[in-house]
Amino acid sequence: YYVSSCCDGIYVSDTPTGEYKFLGKFHLKDGKWKEGYPDPDLFNDGDKGLYLYWGCGDAIYGVKLNDDDPSQIDTEVKTLIKFNPQNEWERAGAYNQNKKVAWTEGSCMYYKDGIYYLIYSTAGTEYPTYAMGVYTSNSPLGEFKPQKNNPFLRGIDGFVKGAGHGCVVDGMDGKPWVFYTSTMGVMNMYERRIGMDRVYIDENK
């Protein structure tokens, strides 16, 4: 399955490289369309089903999709992460100085050894303080709590700045890697490059 970056629906193919066909717009059980899923992330939890996460503003949301028709939303929309100004790294600004504004986005679900890691980016891709944090839960729809070590990826000084809007996946060795974008800001303030690094799970999860 595949969803586009500002999706309203879901696509399906027999192979990862396509050709993809439009399966349908996301809709509720009563058939009504529910539009607007910026920065979507699909997570396959095996026999527990398929989940959709999204958010591009002050929160990250999640739902479970129907097993037989993944364009149908089976659960109520649940707010999983909400901007918390007490978390300094979530505040907008080059110095995280704005206590009233953030830009929470780029969700990605990673599962390991019974724990669900809901990864997100904040507080604005144009800032060198752009970073990735993690909330954890024992369920794909929470309740989620911030891990002790947040943000887990951040590049303020040096070559890598504003490391965010990425994902964590297992490599061929079964160990987790993080992929992320890093600000360049030469052509415009949103210019990015892609980076990757090994990450580890320790007792601070």
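Me: A strand, written E, is a DSSP run of at least two residues, and strands are numbered from the N terminus. Where is Asp41 by that rule?

Reply: Asp41 belongs to strand E5, which covers residues 41-44. The model is predicted, so local features need pLDDT of at least 70 and side-chain atom pairs pLDDT 80 or more, whereas totals for chains, interfaces and linings use all residues. Residues are numbered from 1 along each chain as its sequence is written, and side-chain values use heavy atoms, leaving out hydrogens and water.

Me: How do you know that Asp41 has no salt bridge?

Reply: A salt bridge needs a side-chain nitrogen of Lys or Arg within 4 Å of a carboxyl oxygen of Asp or Glu. Lys and Arg count as positive, Asp and Glu as negative, and His and the chain ends are not counted. The nearest side chain of opposite charge to Asp41 is Lys64, 15 Å away. Asp41 is also buried, where buried means under 20% relative accessible area, exposed over 50%, and partly exposed in between (1.4 Å probe, protein chains only).

Me: What lies around Asp41, then?

Reply: Leaving aside residues up to four places away in sequence, Asp41 touches Tyr51, Leu52, Tyr53, Ser107, Cys108 and Met109; contact means heavy atoms within 4.5 Å. A polar atom of the Asp41 side chain lies 3.0 Å from the backbone nitrogen of Met109.

Me: What makes Lys82 and Asp58 a salt bridge?

Reply: Their side chains meet at 3.2 Å, N to O, and that is within the limit already given. Lys82 is in strand E9 (residues 78-82) and Asp58 in the loop between strand E7 (56-57) and strand E8 (59-65), so the pair ties together parts 24 residues apart in sequence. Lys82 has a relative accessible area of 46% and is therefore partly exposed. Asp58 is partly exposed too, at 34%.

Me: Which parts of the chain does the pair of Asp170 and Lys112 link?

Reply: The closest N and O atoms of this salt bridge are 3.4 Å apart. It links distant parts of the chain: Asp170 is in strand E15 (residues 164-170) and Lys112 in strand E10 (residues 104-112), 58 residues apart. Asp170 is partly exposed at 37%, and Lys112 is partly exposed at 21%. By the rule above, the count comes to four salt bridges.

Me: What is the order of the strands in the open sheet, and how do they pair?

Reply: Four strands form it in the order E5-E6-E8-E9, and the pairing is antiparallel. Two strands count as paired if DSSP finds at least two bridges between them. The edge strands are E5 and E9, each pairing on one side only. E5 meets that rule with strand E6 (residues 50-54), to which four bridges join it; among the partners, Asn44 has Leu50.

Me: Why is E12 called largely enclosed?

Reply: Seven of its seven residues are buried, so the rest of the structure largely encloses E12. Ala131, Gly133, Tyr135 and Ser137 point one way, and Met132, Val134 and Thr136 the other way. E12 pairs antiparallel with E11 over seven bridges, with E14 over two and with E13 over two. Met132 stands opposite Leu153 in E14, and the partner of Tyr135 in E13 is Pro146.

Note on methods. Polar contact = N/O pair within 3.5 Å; in protein donor to acceptor, adjacent residues only side chain to side chain.
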